[in-house]
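Subject: Structure for you to look at

Hello,

Here is the structure I promised to pass on. Please open it alongside this email, and I will then go through what turned up.

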Amino acid sequence: MATINLQVSSLRPETALDSFIVEAGDPFVHEILCGQIVRIVDLEGNQAVDTLFYNAHDYSDRYSAQDTVREQGNLYLTTGTRLISTEGHVLLTIVADTCGRHDTFGGACAQESNMVRYAIEKRYMHACRQSFVKGIQQWKPAPGMRAFDKGDITSNINFFMNVPVTPDGGLTFADGVSEAGKYVELRAEMDVIVAISNCPQLNNPCNAYNPTPVQVLIWDERIQDGNV
Ligand SMILES: [Zn+2]
């Protein structure tokens, strides 16, 4: 698979079922039903969108960076990437991508990692892990489902974030590759829960030192097909 696989979507925003703005530093948690399409739009450019996915009917079956990378034989996520769960299920497939490169190695920022990487006094800065905790605690599980807990926050995707691997295997946090209006679009292959932390990081170039809002759009193609 190519490491950058640009693909424009045919879906028009005005036909979306739902549309949400997620401010920088805010969480967003939502169910995406099997067959629905979710698009994340980098509204102002160079924003990192930390994202987790779960099987909506079993939260312990969740996005696995390791299984996804192994199955596709490539380190980067782009059009055609199938997001694999810890139980080997295909949660979603990336069906359109105008940015072309997304990271799944850099992890989510936390107060602890900010202290280690940057400075002790950075511990009071808001970080993605706090947003994830807030988002999943506010989520009301469906009847029969347990609540999320901190242990459910594991390896994540950083949409629009560029973390190239050097020839000798090093990880580098490079300048963002995204621009205003770039988007990534995924089709749910089963009922999933998406949990987003729109990253507030100010200590590295993942947000171009200026965290900005993103838009989340959801389409239900089954409904559209019924209208044709
Ligand atoms: Zn972050």
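Let me start with a term: contact here means heavy atoms within 4.5 Å. Two notes on the basis of all this. The model is predicted, so local features need pLDDT of at least 70 and side-chain atom pairs count only at pLDDT 80 or more, while totals for chains, interfaces and linings use all residues. Residues are numbered from 1 along each chain as its sequence is written, and side-chain values use heavy atoms, with hydrogens and water left out.

**Helix α3 and its cover**

Helices (H or I, at least four residues) and strands (E, at least two) are DSSP runs, numbered from the N terminus. For accessibility, buried means under 20% relative accessible area, exposed over 50%, and partly exposed in between (1.4 Å probe, protein chains only). With that in hand, have a look at helix α3, residues 128-138: Cys128, Ser131, Phe132, Val133, Gly135 and Ile136 are buried there. What covers these buried residues of α3? The cover includes β2 (27-32), β4 (49-55) and β10.

**The zinc site**

Cys128 also takes us to the metal. The zinc ion has Cys109, Cys128 and Cys199 as its protein donors, each through SG, at 2.2 to 2.3 Å. Donors are N, O and S atoms within 2.8 Å of the metal (3.2 Å for Na, K and Ca); water is not among the atoms, so sites may look incomplete. Along the chain, the donor residues follow the spacing C-x18-C-x70-C. Cys109 sits in the loop between β7 (90-97) and α2 (111-117), and Cys199 in the loop between β10 (192-198) and β11 (214-220), so this pair ties together parts that are 90 residues apart in sequence.

As for disulfides, a search of the whole structure finds zero; the cut-off was a pair of cysteine sulfur atoms within 2.5 Å.

**Aromatic rings**

You will find four aromatic pairs in the structure. Rings of Phe, Tyr and Trp (its six-membered ring) pair if their centres lie within 6.5 Å; planes under 30 degrees apart count as stacked, over 60 as edge-to-face and the rest as tilted. One of the pairs is Phe20 with Phe28: the ring centres are 4.9 Å apart and the planes are at 50 degrees, so the pair is tilted. Phe20 is partly exposed at 23% relative accessibility, whereas Phe28 is buried at 9%. Tyr54 and Tyr59 make an edge-to-face pair, with 6.4 Å centre to centre and 70 degrees between the planes. Both of these tyrosines are buried, and together with Phe148 they form one aromatic cluster.

Two arginines lie over ring faces. Arg39 is over the face of Tyr183, at 4.3 Å from the ring centre, and Arg101 is over the face of Tyr76, at 3.8 Å. The test asks for NZ of Lys or CZ of Arg within 6 Å of the ring centre and within 35 degrees of the ring normal.

**Two positive phi values**

Most residues other than glycine have a negative phi. Here are two to check in the model. Asn46, in the loop between β3 (36-42) and β4, has a positive phi of about 55 degrees and is partly exposed, with a relative accessible area of 21%. Phe160 has a positive phi near 70 degrees; this residue lies in the loop between β8 (157-159) and β9 (182-188) and is buried at 0% relative accessibility.

**A few single residues**

Asn55 belongs to strand β4 and is buried at 8% relative accessibility. Leaving aside neighbours within four places in sequence, Asn55 is in contact with Asp61, Leu91, Met190 and Asp191.

Arg82 is in strand β6, residues 82-84, and is partly exposed at 43%. From Arg82 to Val95 the C-alpha distance is 9.3 Å, at 13 residues apart in sequence.

Last, Gly151 lies in the loop between α3 and β8 and is exposed, at 52% relative accessible area. Gly151 and Ser60 are 91 residues apart in sequence and 9.4 Å apart in space, C-alpha to C-alpha.

Best wishes
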